[in-house]
Amino acid sequence: MSADITEMILDDHDWFRRQFLKLADLREQPEEAAKVWNSLAIQLEIHASAEEQHFYPSMARRVDDEDASATEDAVGDHDEIREGTEKARNATVGSQEWWDAIDETDQANNHHMAEEERDDLAPFRKGTSLAFRQELGAKFEQFKVEHAEGRGLSFEEKDPEQYVQAVTSPSQA
């Protein structure tokens, strides 16, 4: 039996929080911080891409416009996280610019996770069956396996409006 996608998302969120806490403890050890950061940055993209592939399309296809708006907002949040990881990728490890980019990513990610946990996951659980959430969980997990270490992912921002249009078009439903 597969795990519920909402529980998998929450598990990832817990892991992200712990990794950012680890980074805070490694301010004086840039080489160690870089190892933690490189893994975290990749996992943030895998998670965002997996959500965009399997969680948000199901949420956006629900009947009310509020879900499409929440999906647009979430994809916009993912783009802010991507901007932070890109800034860190382009900065010198251990520099103030690098740490600022990591802090920016942490803030964007915390904002996104809090909003998602409050506004998306709970209503989604109420409005969908456990079996459906487990079916999505299996797809979410498979996506993460297929794209381990970021394999095959673009790490590029997405236009939130175009994304919602694409996932809610009748050919995708």
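**Close-up views of a predicted model**

**View 1. The largest pocket.** About 200 Å³ of space lies in the largest pocket of this predicted model. Its lining numbers 17 residues. Trp 37, Ala 41, Ile 42, Thr 85 and Arg 89 are the ones nearest the pocket centre. H2 and H3 each give at least two residues to this lining. H2 contributes the largest share, with 7 residues. By class, the pocket lining has 11 nonpolar, 3 polar and 3 charged residues.

**View 2. The largest cavity.** The count comes to 1 cavity of 30 Å³ or more. The volume of the largest cavity is about 40 Å³. Four helices each supply at least two lining residues: H1 (5–25), H2 (30–60), H3 (65–89) and H4 (96–127). Histidines in the lining include His 13, His 47, His 78 and His 112. Asn 109 lines the cavity too. Phe 16, Leu 44, Ala 48, Ile 81 and Met 113 complete the lining.

**View 3. The contact of H1 with H5.** Helix H5 covers residues 130–146. The H1 and H5 axes come within 7 Å and cross at roughly 45°. From H1, the contact draws on Ile 5, Thr 6, Met 8, Ile 9 and Asp 12. They meet Arg 133, Leu 136, Gly 137, Phe 140, Glu 141 and Lys 144 of H5. The residues of this contact divide into 5 nonpolar, 2 polar and 4 charged.

Key: Residues numbered from 1 in each chain as written. Predicted model: local features only at pLDDT ≥ 70, side-chain atom pairs only at ≥ 80, totals over all residues. Heavy atoms only, no water. 1 Å grid on protein atoms, 1.4 Å probe; cavity = no way out; pocket = protein on both sides within 12 Å on 5 of 7 lines; lining within 4 Å. Points joined across faces, edges and corners; volume = space filled by probe spheres on them. Axes fitted to C-alpha atoms, helices over the stretch in contact; angles between N-to-C directions. Contact = heavy atoms within 4.5 Å. Nonpolar A, V, L, I, M, F, W, Y, C, P; charged D, E, K, R; others polar.
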